[in-house]
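Please look over the structure below. The report that follows takes up selected residues, the overall fold and the sulfur link in turn.

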Amino acid sequence: QVQLVESGGGSVQAGGSLRLSCSVSGYTVGSNYMGWFRQAPGKEREGVAAGSAGGNTYYVDSVKGRFTISQDKAKNTVYLQMSSLKPEDTAMYYCAARSGYRDSWFGPTKAKSYGYWGQGTQVTVSS
């Protein structure tokens, strides 16, 4: 059974930093695409960052240069380092993993490409 558990969210002032962690079980980090998504109240879920099995990374324009996705295969964990946070970054952040054989492909930062999801961790950025 695949489980993704996010942690590291919290409240921070604008300009601050947070590192989100996604601890994975039942699935090998690095075996396929994994991504970070966010959803603010009243808005659709948005792809923030993704990493391929080959090491390529993808970011939505609004976070380029501020967010970095990485993985620790020894710990089977994926991270999202967030810096220079802005109030508009406030959202619930979700970790996702692609099964590869079950999920259709819509692109690395499209939620429909991913079949495994965590429960989310809240990030609140105050001005």
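## Thr121 and its contacts

Thr121 is in contact with Glu6, Ser7, Gly8, Gly9, Leu20, Ala91, Met92 and Tyr93, leaving aside its neighbours within four places in sequence. The model is predicted. Thr121 sits in strand β11, which covers residues 121-126. Its relative accessibility is 10%. The cut-off for buried is under 20%, so Thr121 counts as buried.

Asp61 is 60 residues from Thr121 in sequence. In space, the two C-alpha atoms are 22 Å apart.

## Overall fold

How many helices and strands does the protein have? The secondary structure comes to 0 helices and 11 strands. Along the sequence, the pattern reads β-β-β-β-β-β-β-β-β-β-β. The radius of gyration is 13 Å, close to the 14 Å that the globule rule gives for 127 residues, so the protein is as compact as a globular protein of that length. Along the principal axes, the C-alpha atoms fill a box of roughly 45 × 30 × 25 Å.

Contacts across the sequence come next. Take the contacts in the protein with a separation of 6 or more: residues 24 or more positions apart account for 57% of them.

## Burial, surface and charge

Of the 127 residues, 44% count as buried. The accessible surface of the protein comes to about 6,400 Å². Carbon and sulfur atoms hold 45% of that surface.

Charged side chains number 13 positive and 8 negative. The centres of the two sets lie 3 Å apart.

## The disulfide

The structure holds 1 disulfide. A disulfide is a covalent bond between the sulfur atoms of two cysteines. Here the partners are Cys22 and Cys95, with their sulfur atoms 2.1 Å apart. The link of Cys22 and Cys95 is left-handed, with -80° about the S-S bond. The pair links distant parts of the chain, 73 residues apart. Cys22 belongs to strand β3 (residues 18-25), and Cys95 to strand β9 (residues 91-97).

Are the two cysteines buried or exposed? Cys22 has 0% relative accessibility and counts as buried. Cys95 also counts as buried, at 0% relative accessibility.

## Two positive phi angles

Asn76 has a phi near 50°, a positive value in a residue other than glycine. Its place is in the loop between β7 (67-72) and β8 (77-82). At 16% relative accessibility, Asn76 falls under the 20% cut-off, so the residue counts as buried.

Ser84 has a phi near 50° too, again a positive value in a residue other than glycine. Ser84 lies in the loop between β8 and β9. Its relative accessible area is 40%, and Ser84 is partly exposed.

Where is Trp105 found? Trp105 is in the loop between β9 and β10 (116-117). Its relative accessible area is 40%, so Trp105 is partly exposed. Not counting residues up to four places away in sequence, Trp105 touches Tyr33, Arg98 and Ser113.

Val60 has its place in the loop between β6 (57-59) and β7. Val60 counts as partly exposed, at 21% relative accessibility.

## Met34 in strand β4

Met34 is placed in strand β4 (residues 34-39). At 2% relative accessibility, Met34 counts as buried. Ser7, one of the contacts of Thr121, is 27 residues from Met34 along the chain. The C-alpha atoms of Met34 and Ser7 are separated by 16 Å.

Note on methods
Residues numbered from 1 in each chain as written. Predicted model: local features only at pLDDT ≥ 70, side-chain atom pairs only at ≥ 80, totals over all residues. Heavy atoms only, no water. Helix = DSSP H or I, 4+ residues; strand = E, 2+ residues; numbered from the N terminus. Rg over C-alpha atoms; globule rule 2.2 N^0.38 Å. Buried < 20%, exposed > 50% of the residue type's maximum accessible area, 1.4 Å probe, protein only. Contact = heavy atoms within 4.5 Å. Areas by Shrake-Rupley, 256 points an atom, 1.4 Å probe, with all protein chains shown as cover. Lys, Arg positive; Asp, Glu negative; His and termini not counted. Charge placed at Lys NZ, Arg CZ, Asp CG, Glu CD. Disulfide = S-S within 2.5 Å.
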